[in-house]
Amino acid sequence: MLDTTSALTRPGSMLSKNRLPRYTPWIVLAAALVLGAALSALIGFSVAAFAIFTAVLFVIGGTVTTWIVEGKRHAVDRLATNLVCGAFLLALLPLVSVIFTVLVRGLPGLSPDFLLTSMGGMTGAVDNATAENGTEVLGGAYHGIVGTLLITFWATVISVPVGLLAAVYLVEYSRGGTLSRAITFFVDVMTGIPSIVAGLFAAAFFGLVFGPGTRTGFVAAVALSVLMIPVVVRSTEEMLKIVPNELREASYALGVRKWRTILKVVVPTAISGIASGVTLAIARVIGETAPLLVTAGFVNTINFNAFAGWMSTLPTFIYRQLMSPTSPTNTDPSTQRAWAAALILIIMVMLLNLGARLIARIFAPRTSR
């Protein structure tokens with residue numbers, strides 16, 4: 001006799017075990033895409049409406065389908081899973097959108113001439129001729145790249161020793177006294193101050209010492225160091241705290257002094273996290289614009305001396321190209337330069353983050369023999 005039992009009710013079937021097939025989410029997604037497109041078309045099709053309708057229908061469809069077949073407990077689990085994945089995609093969307101937009105608009109303006117020339121001698125007439133003839137956009141961001149690297153270098157030189165020593169004091173020497181509590185409080189306050197406040201502080205301080213209107217790359221570096229120090233202190237403090245006390249006690253048992261124990265045992269053990277924290281602090285300030293406008297100014301020529309004269313950076317270069325185009329009547333060349341400079345800045349930040357991961361891997365303590 002032939003077996004007339006449906007495939008869905010056979011003992012080996014997924015549904016006979018109250019389990020949905022693995023391809024069910026794809027079927028629900030396909031249905032959600034079709035219904036989402038239909039609903040968005042009713043109100044005037046747009047990508048945003050289509051994405052919202054599709055996401056809502058997918059979550060509802062997946063939850064209801066799971067409830068019918070697998071029960072309430074699995075349905076609630078599926079709902080939570082879909083919401084978490086949706087939140088992840090929602091958080092990822094702005095990042096992907098920014099990177100895609102900057103790549104599309106910045107790559108056409110990125111060239112060796114853009115990287116190796118400055119805006120010295122560039123006038124509105126040049127941009128007008130470029131727009132009329134359709135030739136390659138002239139002028140570059142070399143002076144901004146040099147200024148960004150120099151200012152960030154001096155800010156790092158100022159911030160790392162101060163932040164590292166402050167963290168060492170908080171972890172290794174303080175005993176919860178008034179000074180340590182004061183340092184912790186001010187570090188927390190400095191973490192949240194607006195960047196323009198740091199710029200005004202540096203400008204006012206150097207104005208009192210060297211006279212009003214003092215604007216140099218070093219003044220900008222001091223402003224950025226105000227923003228970097230709290231990040232370095234916090235990251236270093238957390239890294240030092242996770243160093244096992246057994247390592248310190250073993251060093252003390254051998255008669256090693258405390259300062260040498262910190263220098264030879266504690267810091268090398270935590271150097272991976274410390275280096276990552278310093279790199280992330282640099283990435284946090286390299287794109288600041290407001291403090292640089294009031295401390296370093298802006299020029300169209302190259303300045304290699306951070307202690308004399310105004311100095312341009314990539315953030316201020318982008319700001320000036322967008323807010324004060326070289327040619328007010330033909331803004332496309334200036335806009336293209338701004339997008340290309342933005343792409344360079346994003347590449348710098350990405351390289352710093354990759355460098356932080358590489359440093360963390362290189363200096364990570366070896367746990368296996």
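Author: Gladly! Helices here are DSSP runs (H or I, at least four residues; for strands, E, at least two), numbered from the N terminus. The model is predicted, so to speak of local features pLDDT must be at least 70, and side-chain atom pairs count only at pLDDT 80 or more, while totals for chains, interfaces and linings use all residues. Residues are numbered from 1 along each chain as its sequence is written, and side-chain values use heavy atoms, without hydrogens or water.

Reader: What volume does the largest pocket have?

Author: Rolling a probe the size of a water molecule over the atoms shows where empty space is left. A pocket is an open set of points on a 1 Å grid over the protein atoms alone, where a 1.4 Å probe fits, with protein on both sides within 12 Å along at least five of seven lines; lining residues have an atom within 4 Å of a point. Volume is the space filled by probe spheres set on the points, joined across faces, edges and corners. Here, the largest pocket has about 630 Å³.

Reader: Which residues lie nearest its centre?

Author: Ala51, Ala55, Gly86, Leu89 and Leu90, out of 17 lining residues. Helix 2 (47-70) and helix 3 (72-106) each give two or more, and helix 3 has the largest share, nine. The lining holds 13 nonpolar residues (Ala, Val, Leu, Ile, Met, Phe, Trp, Tyr, Cys, Pro), four polar and no charged. Asp, Glu, Lys and Arg count as charged, and the others, Gly among them, as polar.

Reader: And which helix gives the most to the lining of the second largest pocket?

Author: Helix 3, with four residues. That pocket, of about 170 Å³, has five charged residues in its lining, beside four nonpolar and three polar. Arg19, Leu20, Pro21, Glu70 and Arg78 lie nearest its centre.
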